[in-house]
Structures are given as structure tokens and as C-alpha cells.
Amino acid sequence: MSILLRNLSLLVGITLAVPAFGNCLTANETKQGVLLTREAPFYSVFYKPDGPGLTEQRLMERDGSLQPVSAVYLHPLLVEKRVSASGTHELKYANAIALDDLPQKKNWQSETTLFINGKKSVSGTTFMRFDGLGEETIASCSYKVWAINSRLELTELPPIIFEQYYSPELHLVLRSVRLGASNQPLSEVRFDRFQIGWGN
């Protein structure tokens with residue numbers, strides 16, 4: 001599908017999504033898919049559960065234009081494949097994906113290989129660390145979250161580090177902060193509103 005068509009289909013989906021006025025998200029509702037939106041700069045992402053993981057369709061504003069990205073997650077904390085205008089990036093993990101008991105285990109790691117457009121690129125390691133419990137608020141609704149530090153270190157590339165705030169009840173990451181090499185915040189995605197379902 002062309003970028004223009006993907007743009008249009010996602011925008012149509014956004015307008016057809018059903019607002020959840022006066023209600024907070026429940027675990028059962030997230031099974032229908034959830035549209036999370038940040039108003040400025042515009043960033044909207046539709047998450048749909050898919051077994052233990054989920055799929056993502058994202059529309060974000062960058063350099064004055066809306067850019068679509070789609071992704072597949074093995075677990076809401078762990079991306080497997082991302083498709084954008086720059087191509088397909090895929091991560092293969094050597095270890096079993098065991099993240100649901102991070103509060104007990106505290107850490108998880110796996111050897112990781114990056115494939116770009118189907119060709120093996122570089123290898124390294126993915127690290128996940130449980131940093132504690134907290135709360136996130138979207139549209140006056142509060143949700144219990146885990147603070148998870150995720151770090152991807154690939155050969156000869158700077159580390160990719162995020163602090164992710166994950167709701168185990170909703171099976172969604174509700175906020176993420178991109179961190180620099182010395183853990184200073186570089187950017188943040190925090191949502192203003194949510195909608196349940198999506199007009200496919």
C-alpha cells in the first residue's frame with residue numbers, strides 16, 4: 001500500500017473510532033483495539049492485541065508532514081518489526097520472550113540481531129530492567145504501571161534507551177521517554193486522549 005493510501009486509511013480510522021466519553025479503559029475494551037492520541041505535536045497510534053503481542057499503526061507529525069509507521073510487537077514492551085518510509089527493520093531475539101514477571105525477576109536480556117529490508121545488518125543485546133511501580137493518567141483516568149528501562153545495544157551504533165510505562169492490566173505502554181547515553185531525557189510521548197475500537 002502506498003504511503004498516501006496508508007495515510008488516508010489511518011485518518012479515516014481516526015475519524016471512525018468511537019470515543020469513550022466518561023469512562024476509563026478496561027482490559028476487556030482494549031481487546032477491540034485502542035487509539036491513543038497526543039494533540040501537539042500530533043501523534044496518534046492504534047494498538048490491536050495479537051496473541052501475547054500486538055500490532056501498531058502510527059501517524060505522527062514530523063517536518064511538517066504526517067508520517068505513517070506500522071509495527072508488530074512480540075510483547076507490548078518489545079518490538080519485532082517496524083515498517084516506515086525508510087524501509088523494514090526487524091529484530092530477532094535469541095531468548096524466549098518472558099517479560100510478564102519482570103517485577104519478580106527484575107531483569108531480562110537477549111542476544112538480538114537487526115535485519116534491514118530482509119538482510120542481516122548488525123547484532124547486539126537487548127536489556128530490560130524493572131525500575132518500580134507508578135501511575136499514568138490519560139484523560140482523567142489513572143492506571144497502575146510498571147516503569148521499565150529498555151536498552152538496545154547494537155555493534156558500532158549508539159544505544160537506544162527508553163523508559164517505558166507499561167500497564168499490565170491494559171497490556172499497553174501508556175508513556176515512553178527516549179533517553180540519552182547518560183540517561184538524560186531526549187523526547188517523550190504522553191497521550192491526551194483515548195478512543196476504543198477502530199473503523200476498519
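In which strand is histidine 89 found? The legends below, which describe a predicted model, begin with the answer.

**Figure 1. Histidine 89 in strand E7.** Histidine 89 is found in strand E7, which spans residues 87-93.

**Figure 2. The protein as a whole, for orientation.** The protein contains 14 strands and three helices. Of its 200 residues, 44% are buried. The protein exposes about 10500 Å², of which carbon and sulfur atoms supply 54%. Among contacts between residues at least 6 apart in sequence, 39% join residues at least 24 apart.

**Figure 3. The largest pocket and its lining.** The largest pocket holds about 1400 Å³ of space. Its lining comprises 49 residues, and the closest to the pocket centre are Arg58, Arg82, Ile160, Phe162 and Arg178. Strand E6 (residues 78-84) supplies the largest share of this lining, with six residues. By residue class, the lining of the largest pocket divides into 28 nonpolar, 12 charged and nine polar residues.

Figure 4. The largest nonpolar core has 44 residues. Those with the most contacts inside it are Leu36, Leu77, Leu102, Met128, Tyr143 and Phe194. Strand E10 (residues 141-154) gives the most to this core, contributing eight residues. Not counting residues up to four places away in sequence, leucine 102 touches Leu77, Met128, Phe130 and Ile148, together with Trp108, Trp146 and Asn107.

**Figure 5. Valine 45 in strand E3.** Valine 45 is found in strand E3. The relative accessibility of valine 45 is 0%, so this residue counts as buried. Beyond residues up to four places away in sequence, valine 45 touches Val34, Leu35 and Leu36, then Glu56, Gln57 and Arg58, and finally Phe191. Valine 45 and phenylalanine 194 are 149 residues apart along the chain, and their C-alpha atoms are separated by 9.7 Å.

**Figure 6. Glutamine 57 in strand E4.** One of the residues touched by valine 45 is Gln57, which is found in strand E4 (residues 53-62). Glutamine 57 counts as partly exposed, at 32% relative accessibility. From C-alpha to C-alpha, glutamine 57 and valine 72 are 9.1 Å apart in space, and they are 15 residues apart in sequence.

**Figure 7. Serine 176 in strand E12.** Serine 176 lies in strand E12, formed by residues 172-179. Its relative accessible area is 18%, so serine 176 is buried; the cut-off for a buried residue is under 20%. Neighbours within four places in sequence aside, the contacts of serine 176 are Phe162, Glu163 and Gln164 as well as Ser187, Glu188 and Val189.

**Figure 8. The cis peptide bond at proline 41.** Alanine 40 and proline 41 are joined by a cis peptide bond, with omega about -15°. Proline 41 is placed in the loop between strand E2 (34-38) and strand E3 (43-50).

Figure 9. Serine 140, a residue other than glycine, has a positive phi near 70°. This serine lies in the loop between strand E9 (119-138) and E10, and with a relative accessible area of 73%, serine 140 is exposed. Glutamate 156 is not a glycine either, and its phi is positive, at about 65°. The loop between E10 and strand E11 (160-167) is the place of glutamate 156. Glutamate 156 is exposed, with a relative accessible area of 80%.

How values were computed
Residues are numbered from 1 along each chain as its sequence is written. This is a predicted model: local features need pLDDT of at least 70, side-chain atom pairs count only at pLDDT 80 or more; totals for chains, interfaces and linings use all residues. Side-chain values use heavy atoms; hydrogens and water are left out. On a 1 Å grid over the protein atoms alone, a cavity is a set of points where a 1.4 Å probe fits but cannot get out, and a pocket is an open set with protein on both sides within 12 Å along at least five of seven lines; lining residues have an atom within 4 Å of a point. Grid points are joined across faces, edges and corners, and a volume is the space filled by probe spheres set on the points. Helices (H or I, at least four residues) and strands (E, at least two) are DSSP runs, numbered from the N terminus. Ala, Val, Leu, Ile, Met, Phe, Trp, Tyr, Cys and Pro count as nonpolar, Asp, Glu, Lys and Arg as charged, and the others, Gly among them, as polar. Buried means under 20% relative accessible area, exposed over 50%, partly exposed in between (1.4 Å probe, protein chains only). Contact means heavy atoms within 4.5 Å. Accessible areas come from the Shrake-Rupley method with a 1.4 Å probe; for residues, only the protein chains shown count as cover. A nonpolar core is a set of buried Ala, Val, Leu, Ile, Met, Phe, Trp, Tyr and Cys residues joined through side-chain atoms within 4.5 Å.
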